[in-house]
Amino acid sequence: MADIAERRGRGWCTYHGRVTEARKRVLLAKPRGYCAGVDRAVQTVEEALKLYGAPVYVRKQIVHNKHVVNTLEASGAIFVEENYEVPEGSTVVFSAHGVAPEVHEQARERNLKAIDATCPLVTKVHHEAKRFAAEDYDILLIGHEGHEEVVGTAGEAPRHIQLVDGPDSVDNIVIRDPSKVVWLSQTTLSVDETMETVARLKTRLPLLQSPPSDDICYATSNRQHVIKEIAPECDVVIVVGSTNSSNSVRLVEVALGAGARAGHLVDYASEIQDEWLEGATTVGVSSGASVPDELVMEVLGHLATRGFGEVTEFTTAEERLTFSLPQELRRDMKKAAAAKAS
Ligand code: SF4
């Protein structure tokens with residue numbers, strides 16, 4: 001038995017007394033890749049380039065994906081860190097992660113034409129923060145320190161918001177009135193870890209209120225749910241995504257937590273190392289919400305050349321949500337279409 005188990009571990013198994021190579025396969029997670037907010041943000045830059053011509057300035061990475069940023073850069077987008085780097089009077093797009101009100105203010109001061117590509121699901125969290133701050137609540141924002149989305153949300157109500165970066169930072173919070181405190185969260189966190197943080201918070205603050213609706217967005221939850229389903233069957237999980245993409249990094253963590261024997265994050269298929277596949281029979285593949293599917297197809301192509309040509313897509317949800325482009329851009333597109341027609 002030990003011998004068979006050992007052979008299985010190396011990708012071989014016995015069948016009717018003969019030793020045969022185990023079937024190598026890929027379990028492909030669905031949903032994966034682009035979410036509605038990322039699709040909208042990328043289209044916003046593409047349409048802005050068509051409408052206003054290059055260059056179009058983009059404050060921060062429009063979405064956290066190296067390939068997307070490089071592709072838009074090649075088309076004429078210029079990525080900057082702050083508004084002061086944008087020449088006065090130019091067009092600037094704000095990224096999907098959202099910005100604090102002071103960023104809009106700086107844009108007005110520099111006479112910039114600002115197009116806000118903040119995901120509407122992030123804007124929803126901003127509205128919640130403003131509403132609870134107006135009612136003088138203490139707001140515990142669960143999220144990762146320094147992440148752009150957290151900086152933007154905290155900027156809506158800096159005097160009311162405290163950051164809670166994981167279960168271990170619960171002890172550091174200071175509350176004025178334990179009956180008037182609510183938690184909100186970054187949209188791209190691990191669902192399970194967030195619930196653990198909330199449980200810890202509730203042991204200290206039994207009257208803690210929850211957000212009116214889930215702040216962790218549908219795309220984050222769906223991608224984590226499907227990877228959890230396939231992970232126990234996988235010798236290795238490969239997630240396509242960039243290291244600064246919160247939801248992509250979480251997918252690797254969730255896969256490992258759910259039983260995958262190994263997990264790796266790659267921007268491109270060429271980063272996959274052959275030793276990751278040694279002895280593996282089942283490889284799980286998924287991608288973060290900012291990743292175009294062409295990169296996943298390249299990963300499948302690469303795996304096929306290593307004997308993993310059999311691909312089974314494992315679906316746990318269908319996503320149909322779409323968002324319309326930012327209002328300021330749609331208005332200019334309409335004007336341009338009307339001018340062309342007349
Ligand atoms: S991951 Fe969620 S919150 Fe972030 S852009 Fe996509 S849909 Fe919006």
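Analyst: The discussion below takes up the annotated sites, a sheet and the surroundings of the ligand. This is a predicted model, in which local features need pLDDT of at least 70 and side-chain atom pairs count only at pLDDT 80 or more, while totals for chains, interfaces and linings use all residues. Residues are numbered from 1 along each chain as its sequence is written.

User: Which residues does the UniProt annotation "binding site" cover?

Analyst: UniProt positions are given in the numbering used here, with shortened feature names, and annotations may be inferred rather than shown by experiment. According to the unreviewed entry, the "binding site" covers His 64, His 97, His 147, Ser 245, Ser 246, Asn 247 and Ser 290.

User: Is Ser 245 buried or exposed?

Analyst: A residue is buried if 20 or more other C-beta atoms, placed from the backbone, lie within 10 Å of its own, exposed if 12 or fewer, and partly exposed in between. Ser 245 counts as buried because it has 26 C-beta neighbours inside 10 Å. Ser 245 is found in the loop between β11 (236-240) and α9 (246-257); helices (H or I, at least four residues) and strands (E, at least two) are DSSP runs, numbered from the N terminus. Asn 247, in helix α9, is likewise buried, with 29 such neighbours.

User: With which residues is Ser 245 in contact, leaving aside its neighbours within four places in sequence?

Analyst: Contact means that two C-beta atoms, placed from the backbone, lie within 7 Å. On that basis, Ser 245 is in contact with His 64, Asn 65, Gly 288 and Ser 290. For Asn 247, with the neighbours within four places again left aside, the contacts are Thr 188, Thr 220, Arg 223, Gly 288 and Ala 289.

User: What is the order of the strands in the open sheet of three strands?

Analyst: Strands of a sheet pair through backbone hydrogen bonds, either parallel or antiparallel. Two strands pair if DSSP finds at least two bridges between them. Here the order is β9-β8-β10, with parallel pairing. β9 (161-164) and β10 (181-185) stand at the edges, each with a single partner strand, so one side of each has no neighbour in the sheet. Strand β8 (residues 138-142) is joined to β9 by four bridges, and Leu 140 stands opposite Gln 162 in β9.

User: Which element gives the most to the shell around the ligand?

Analyst: That element is α2, with three residues. A residue is near a molecule if its C-beta atom, placed from the backbone, lies within 6 Å of it. Of the 15 residues around the ligand, Cys 35, Gly 37, Cys 119, Thr 187 and Cys 217 come nearest.
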